[in-house]
Every structure is written in C-alpha cells, then in structure tokens.
Amino acid sequence: MSSTSAVMPSVPTIQACLKERILVLDGAYGTALQGYQLEEADYRNDALAEHKIPLQGNHDLLCLTRPEVVQEVHRNYLAA
C-alpha cells in the first residue's frame, strides 16, 4: 500500500498562481466563522441597517460587513 501526501505550495507559488487565475479555498468556513460568535449587528452595515429579516448566519454578507474576519479565516487556512 502506497501513501501519498498533499504538498502545500510555497507562498511565491501561490502568488504566481493568483496572477494567472482565480484560486478557490475550500474548507469548513461556516464552522470557522461560527467560532467568532458574531452577533446580528456584525452582519449589517449602513446599507443593511434597516433590512427586514434577520441576517445573522448569512456568512456571505461578512465580506461586506466584517471583511477583517473573513480575511483572518482565509489567513488561518493558508497557514494551516
């Protein structure tokens, strides 16, 4: 039985790839974001302040309302 392991590309390799194409990071992002225990207000900004339905848990909105949290999760995945 042979064993194979994934090799993490170096930062310069990743940067070179980013110049050529879109890269997709895949992982348990929802679970990682839940660890931040974000509140309803974290999912809102000026444009969403008066939105009628609850937004908490809609992690896609965090790119607009809390980009620093999304960036930190991305950095943690890359570091791992």
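Which helix does T65 lie in? T65 lies in helix α3, and the points below start from the whole model and work back to that residue.

1. **What you are looking at.** This is a predicted model, in which local features need pLDDT of at least 70 and side-chain atom pairs count only at pLDDT 80 or more, while totals for chains, interfaces and linings use all residues. Residues are numbered from 1 along each chain as its sequence is written, and side-chain values use heavy atoms, with hydrogens and water left out.

2. **Confidence.** The average pLDDT (the predictor's confidence in each residue, from 0 to 100) is 88 for the protein, and 90% of the residues score at least 70. Please read residues 1-5 with care: their pLDDT is below 50, and this stretch has zero contacts in the model beyond near neighbours in sequence. Contact here means heavy atoms within 4.5 Å.

3. **Overall build.** The protein has four helices and zero strands. Both kinds of element are DSSP runs numbered from the N terminus: helices are H or I, at least four residues, and strands are E, at least two. The radius of gyration is 17 Å, well over the 12 Å that the globule rule gives for 80 residues, so the protein is more spread out than a compact globule. That radius is taken over C-alpha atoms, and the rule is 2.2 Å times the number of residues to the power 0.38. Along its principal axes, the C-alpha trace spans about 55 × 35 × 15 Å.

4. Of the 80 residues, 20% count as buried. Buried means under 20% relative accessible area, exposed over 50%, and partly exposed in between (1.4 Å probe, protein chains only). Among contacts between residues at least 6 apart in sequence, 43% join residues at least 24 apart.

5. **The nonpolar core.** The largest nonpolar core has eleven residues, including Y43, L48, L55 and L61. Such a core is a set of buried Ala, Val, Leu, Ile, Met, Phe, Trp, Tyr and Cys residues joined through side-chain atoms within 4.5 Å. Helices α2 and α4 (67-79) each supply at least two of its residues, and the largest share, three residues, comes from α4. Leaving aside residues up to four places away in sequence, L61 touches Y43, L48 and L55.

6. **R44, in a loop.** R44 lies in the loop between α2 (29-34) and α3 (62-65). Its side chain reaches two backbone oxygens: that of L48 at 2.7 Å and that of I53 at 3.0 Å. These are polar contacts, meaning a pair of N or O atoms within 3.5 Å; within protein, one must be able to donate a hydrogen and the other to accept it, and residues adjacent in sequence count only if both atoms are side-chain atoms. Not counting residues up to four places away in sequence, R44 touches several others, among them H51, P54 and T65.

7. **N45, next along.** N45 is found in the loop between α2 and α3 and is partly exposed, with a relative accessible area of 27%. Leaving aside neighbours within four places in sequence, N45 is in contact with L64 and T65.

8. **Back to T65.** Is T65 buried or exposed? At 13% relative accessibility, T65 counts as buried. The side chain of T65 reaches the backbone oxygen of D42 at 2.7 Å. Not counting residues up to four places away in sequence, T65 touches D42, Y43, R44, N45 and L48.
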